[in-house]
Amino acid sequence: MIRFLVRIFVLSLFSLPGIALAGYDLHITRANEWTLSSKHPISENEWKNAVMSDGQLQMNMTATAENPKTHKAIQVSNPLMASWVDPTSKEKHYFYYSRGEITVKNPSKNAIAKMKAIARKLSARVQGDDGEWY
């Protein structure tokens with residue numbers, strides 16, 4: 001549990017565009033409530049296949065950014081993390097797979113559209129931290 005909370009905290013440091021210490025997550029999930037995603041999981045293999053079949057997503061095991069206060073490098077590693085570069089804005093968004101769901105922090109409108117397209121392929125939906133559906 002502590003390991004999971006540490007991952008969530010570290011992930012919360014990543015916000016693209018830019019980095020923020022707080023933010024809002026959207027979740028690709030099959031559950032009726034994203035916090036229950038592990039009970040209705042998207043499997044690791046389903047996620048890998050979705051990334052491989054998508055011409056814009058690519059697996060990135062490590063995301064690196066600079067802490068805006070200390071200017072030190074921050075890294076998050078996850079063997080199932082993928083990145084997507086918005087073809088319009090060129091902003092990079094990280095799709096973080098954990099416990100049966102895929103999370104994106106502070107997604108742009110285009111990233112939300114990408115999440116919805118991925119969710120359709122996975123027979124899932126996109127839900128915000130507060131429970132609203134996209």
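This briefing walks through the fold, the nonpolar cores and the charged contacts of the structure above.

The model is predicted, so local features need pLDDT of at least 70 and side-chain atom pairs count only at pLDDT 80 or more, while totals for chains, interfaces and linings use all residues. Residues are numbered from 1 along each chain as its sequence is written, and side-chain values use heavy atoms, with hydrogens and water left out. The protein has three helices and eight strands, with 22 residues in its largest nonpolar core and four salt bridges.

**Overall fold**

- Helices (H or I, at least four residues) and strands (E, at least two) are DSSP runs, numbered from the N terminus.
- Along the sequence, these elements follow the pattern α-β-α-β-β-β-β-β-β-α-β.
- Of the 134 residues, 43% count as buried; here buried means under 20% relative accessible area, exposed means over 50%, and partly exposed is in between (1.4 Å probe, protein chains only).
- The accessible surface comes to about 7500 Å², and carbon and sulfur atoms hold 56% of that surface; areas come from the Shrake-Rupley method with a 1.4 Å probe, and for residues only the protein chains shown count as cover.
- Among contacts (heavy atoms within 4.5 Å) with a separation of 6 or more, residues 24 or more positions apart account for 57%.

**Nonpolar cores**

- A nonpolar core is a set of buried Ala, Val, Leu, Ile, Met, Phe, Trp, Tyr and Cys residues joined through side-chain atoms within 4.5 Å.
- In the largest core, of 22 residues, those with the most contacts inside it are I28, W47, L57, F95, I102 and L122.
- Two or more residues of this core come from each of β1 (25-29), α2 (44-53), β5 (81-85), β6 (92-98), β7 (101-105) and α3 (109-121).
- Helix α3 gives the most to this core, with five residues.
- Leaving aside neighbours within four places in sequence, I102 is in contact with L26, H27, I28, I42, W47, F95, Y96, Y97, M115 and L122.
- Another core lies apart from the largest one and has five residues, among them A63, M81, Y94 and Y96.

**Salt bridges around D54**

- A salt bridge is a side-chain nitrogen of Lys or Arg within 4 Å of a carboxyl oxygen of Asp or Glu.
- K114 forms one with D54, where the closest N and O atoms are 2.6 Å apart.
- This pair links distant parts of the chain, since K114 is in helix α3 and D54 is in the loop between α2 and β2 (57-59), 60 residues apart.
- D54 counts as buried because its relative accessibility is 9%, and K114 counts as buried because its value is 11%.
- Apart from its neighbours within four places in sequence, K114 is in contact with D54, Q56, L57, W84 and F95.
- K121 also forms a salt bridge with D54, with the closest N and O atoms 3.9 Å apart.
- This link too joins distant parts of the chain: K121 is in helix α3 and D54 is in the loop between α2 and β2, 67 residues apart.
- K121 counts as exposed because its relative accessibility is 55%.
- Together, D54, K114 and K121 are linked in a network of salt bridges.

**The R30–E46 salt bridge**

- R30 pairs with E46 in a salt bridge whose closest N and O atoms are 2.8 Å apart.
- R30 is in the loop between β1 and α2 and E46 is in helix α2, so that the pair links distant parts of the chain, 16 residues apart.
- R30 counts as partly exposed because its relative accessibility is 27%, and E46 is partly exposed because its relative accessible area is 29%.

**Aromatic rings**

- R125 lies over the face of W133, at 3.6 Å from the ring centre; a charge sits over a ring if NZ of Lys or CZ of Arg is within 6 Å of the ring centre and within 35 degrees of the ring normal.

**Two further lysines**

- K39 lies in the loop between β1 and α2 and counts as exposed because its relative accessibility is 63%.
- K105 is in strand β7 and counts as buried because its relative accessibility is 10%.
- The C-alpha atoms of K105 and D25, 80 residues apart along the chain, are separated by 4.4 Å.
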